[in-house]
Each structure stands twice: as structure tokens, then as C-alpha cells.
Amino acid sequence: MLDLKADEQANTPMEGKHQFECPVENCAYISKRRYNLTRHIRIVHQHIRLPCPQCSRSFNSKYTLKQHVDIAHAPKTCSICSTDLPNVESLEAHLKSHEHG
């Protein structure tokens, strides 16, 4: 496992250029932000994924995981009859019941 804190090159901008280089051999990734380098290493070299606690999907970042949970698993309300449903999938199935009668 790659330890960013142990690698001065990864934690210090290149002299005069304010860029962060990936310390992994044969990787040419460069970023102006340390966060982007850290994210690159997690996704590309460490293959770290964050699993959704409510389904089988996984994501590259906390932000995209939160977006998924907020959209897919947050309670939804039917705009036709005001029924509360547990998530988007349930709402979609419920809306089909209005189409048939």
C-alpha cells in the first residue's frame, strides 16, 4: 500500500511549479492540487471503492456515494397521490400503477 505521508515528493509541490506528481513508478499523473493526487492514487493504484450500505453499488469518492444515497435511497413522495415511498425504485414501480388505472 502506498503511503503518501512517507513520500515527500507526493506531499510537496515540485519546486517552482506548484504541482504534485504521482510517486508510483511509470505513472505520469500530475496535479495542481494534493487532493486530486490523493484521489488518483486511491482510485487508480489502490483500487479503493466505497460501497453503498444499502445496495451492491460502490463509488470512487464520498461525494458520489452521498449523492447516490441521497437520490436512490432517500424517501420519495408520489406527485399524483402523495404516497410516501422508501426510494426511487419504489416510486418508479408505484408510478406505473397509476398508468394502468
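**Note on a predicted single-chain model**

1. The largest pocket holds about 150 Å³ of space. A pocket here is an open set of points on a 1 Å grid over the protein atoms alone, with protein on both sides within 12 Å along at least five of seven lines. Grid points are joined across faces, edges and corners, and the volume is the space filled by probe spheres set on the points; the probe is 1.4 Å.

2. This is a predicted model, in which local features need pLDDT of at least 70 and side-chain atom pairs count only at pLDDT 80 or more, while totals for chains, interfaces and linings use all residues. Residues are numbered from 1 along each chain as its sequence is written, and side-chain values use heavy atoms, with hydrogens and water left out.

3. The lining of the largest pocket consists of Tyr35, Thr38, Arg39, Arg42, Leu50, Asn60, Ser61, Lys62 and Tyr63. Helix H2 (34-45) and helix H3 (62-73) are the elements that give two or more residues to this lining. H2 provides the largest share, 4 residues. A lining residue has an atom within 4 Å of a point.

4. By type, the lining of the largest pocket has 3 nonpolar, 3 polar and 3 charged residues. In this scheme Ala, Val, Leu, Ile, Met, Phe, Trp, Tyr, Cys and Pro are nonpolar, Asp, Glu, Lys and Arg are charged, and the others, Gly among them, are polar.

5. The chain has 4 helices and 6 strands, in the order α-β-β-α-β-β-α-β-β-α along the sequence. These are DSSP runs numbered from the N terminus: helices are H or I with at least four residues, and strands are E with at least two.

6. Of the 101 residues in the chain, 24% are buried. Buried means under 20% relative accessible area, exposed over 50%, and partly exposed in between, with a 1.4 Å probe and protein chains only.

7. How many salt bridges does the structure hold? There is 1 salt bridge, and the pair is lysine 66 and aspartate 70, with the closest N and O atoms 2.6 Å apart. The term means a side-chain nitrogen of Lys or Arg within 4 Å of a carboxyl oxygen of Asp or Glu. Both residues lie in helix H3, 4 residues apart, about one turn of the helix. An α-helix has 3.6 residues a turn, so residues three or four places apart point the same way. Lysine 66 is exposed at 51% relative accessible area, and aspartate 70 is partly exposed at 39%.

8. Asparagine 36 sits in helix H2. Its relative accessible area is 18%, so asparagine 36 is buried. The side chain of asparagine 36 makes a polar contact with the side chain of serine 31 at 3.4 Å. A polar contact is a pair of N or O atoms within 3.5 Å; within protein, one must be able to donate a hydrogen and the other to accept it, and residues adjacent in sequence count only if both atoms are side-chain atoms.

9. Serine 31 can also be placed relative to histidine 18: the two are 13 residues apart in sequence and 8.7 Å apart in space, C-alpha to C-alpha. Histidine 18 lies in the loop between helix H1 (8-11) and strand E1 (20-21) and is exposed, at 58% relative accessibility.

10. Two loop residues have a positive phi. Most residues other than glycine have a negative phi. Asparagine 26 has a phi near 70°; asparagine 26 is in the loop between E1 and strand E2 (30-31) and is exposed at 78%. Histidine 47 has a phi near 55°; histidine 47 is in the loop between H2 and strand E3 (50-51) and is exposed at 59%.

11. Proline 53 belongs to the loop between E3 and strand E4 (58-59). With 69% relative accessibility, proline 53 is exposed. Proline 53 and leucine 65 are 12 residues apart in sequence and 9.6 Å apart in space, C-alpha to C-alpha.

12. Helix H4 (residues 88-99) has 12 residues and spans 17 Å from its first C-alpha to its last, close to the 16 Å expected at 1.5 Å a residue. The expected span is 1.5 Å times one less than the number of residues. At the start of H4, a side-chain oxygen of asparagine 87 comes within 3.2 Å of the backbone nitrogen of glutamate 89.
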